[in-house]
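Work through the exercises below with the model open. Each task is followed by its solution in steps.

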Amino acid sequence: METTATGWPMVQRCLFCISLALSGFWVLSGLGGCAASSESASGAARGDIVTESDEPEARRRARIRLELAVGYFEQGQTTIALDELKQSIAADPNFAQAYNLRGLVYMRLNDPRLAEDSFRRALVLNPRDADAHHNYGWLLCQQGRFAESQKALSQALAIPQYGGRAKSWMAQGLCQMKAGQGAEAEVSFQRSYELDAGNPVTGYNLASLLYQRGDLTRAQFYVRRLNNSELANSESLWLGIKVERKLQNRDAMQQLAGQLKKRFAQSRELAFFERSAFDE
């Protein structure tokens, strides 16, 4: 997720300024289990416990290249990651995880057509790859294809063993906000928050939606929790100021204003406060 000059990403400022980097939001999962997941493993065919020795040679070469690609991708060396993925896919054209990461690479390279092709290929090879459903859903959301995006994200959430539910509920909430579906977004952010209360994007946007519809006590709970953490930034402090002002908590409001002035003296939120532009 893209960060602002004030610290961390905020959807209210830039409704959809999200990239591929917030706390593993788009990281491939389960790379350590690639050998065990091979459908052609001889051990599985015998009904034995599948071990590394059962991994076919082509899949082993592909997995090693994929692991290198992941490292380069995480370091921002995108074209090198793509080259490693080409070699991974050449070694094993049926390696779904390589296509999933290739989709992320093409998203970063701003080529949505090739990204979509990669995610579709990954899902043909493994229809139960929740990460690929999630990533494909996010790509569709960025393109404004909201109905398709919701379907893809829902497919990720429907997979029982999926461990990334918090990120998919958050992504769904962000997409619903962009689509103007505030009530639905609130439900999605609430579900994400229940799974990962420490995510600042979820906490902020949930508080913001509650503030907008006048549920000030609940908005106060979520934004105070965020502002009491090290993840607070100028936008969360500004939202907190507006909430406390509406609740007529002058002391709390001034305390937050002091933090805003001390920590984010050049922020537009401080400029808003100084001219009492509370509706900005």
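**Exercise 1. Find the ring under the charged end of arginine 108, then examine arginine 121.**

Step 1. The charged end of arginine 108 sits over the ring of phenylalanine 73, 3.8 Å from the ring centre. A charge sits over a ring if NZ of Lys or CZ of Arg is within 6 Å of the ring centre and within 35 degrees of the ring normal.

Step 2. Arginine 121 lies over the face of tyrosine 99, at 5.5 Å from the centre of that ring.

Before going on, note the conventions. The model is predicted: local features need pLDDT of at least 70, side-chain atom pairs count only at pLDDT 80 or more, and totals for chains, interfaces and linings use all residues. Residues are numbered from 1 along each chain as its sequence is written, and side-chain values use heavy atoms, with hydrogens and water left out.

**Exercise 2. Locate the disulfide and state which helices it joins.**

Step 1. A search of the whole structure finds one disulfide (a pair of cysteine sulfur atoms within 2.5 Å).

Step 2. Its partners are cysteine 141 and cysteine 175, with sulfur atoms 2.1 Å apart. The angle about the S-S bond is -135°, and the link is left-handed.

Step 3. Cysteine 141 belongs to helix H7 (residues 130-142) and cysteine 175 to helix H9 (residues 165-178), so the pair ties together parts that are 34 residues apart in sequence. Helices (H or I, at least four residues) are DSSP runs, numbered from the N terminus.

Step 4. Both cysteine 141 and cysteine 175 are buried. Buried means under 20% relative accessible area, exposed over 50%, and partly exposed in between (1.4 Å probe, protein chains only).

**Exercise 3. Classify the aromatic pair of phenylalanine 221 and tyrosine 222, then that of tryptophan 238 and phenylalanine 278.**

Step 1. Rings of Phe, Tyr and Trp (its six-membered ring) pair if their centres lie within 6.5 Å; planes under 30 degrees apart count as stacked, over 60 as edge-to-face and the rest as tilted. The structure holds six such pairs.

Step 2. Phenylalanine 221 and tyrosine 222 are edge-to-face, at 5.0 Å centre to centre and 80° between the planes. Phenylalanine 221 is partly exposed at 45% relative accessibility, whereas tyrosine 222 is buried at 8%.

Step 3. For tryptophan 238 and phenylalanine 278, the ring centres are 5.6 Å apart and the planes at 15°, so the pair is stacked. Tryptophan 238 lies in helix H13 and phenylalanine 278 in the segment after H15, so parts 40 residues apart in sequence are tied together.

Key. Helices (H or I, at least four residues) and strands (E, at least two) are DSSP runs, numbered from the N terminus.
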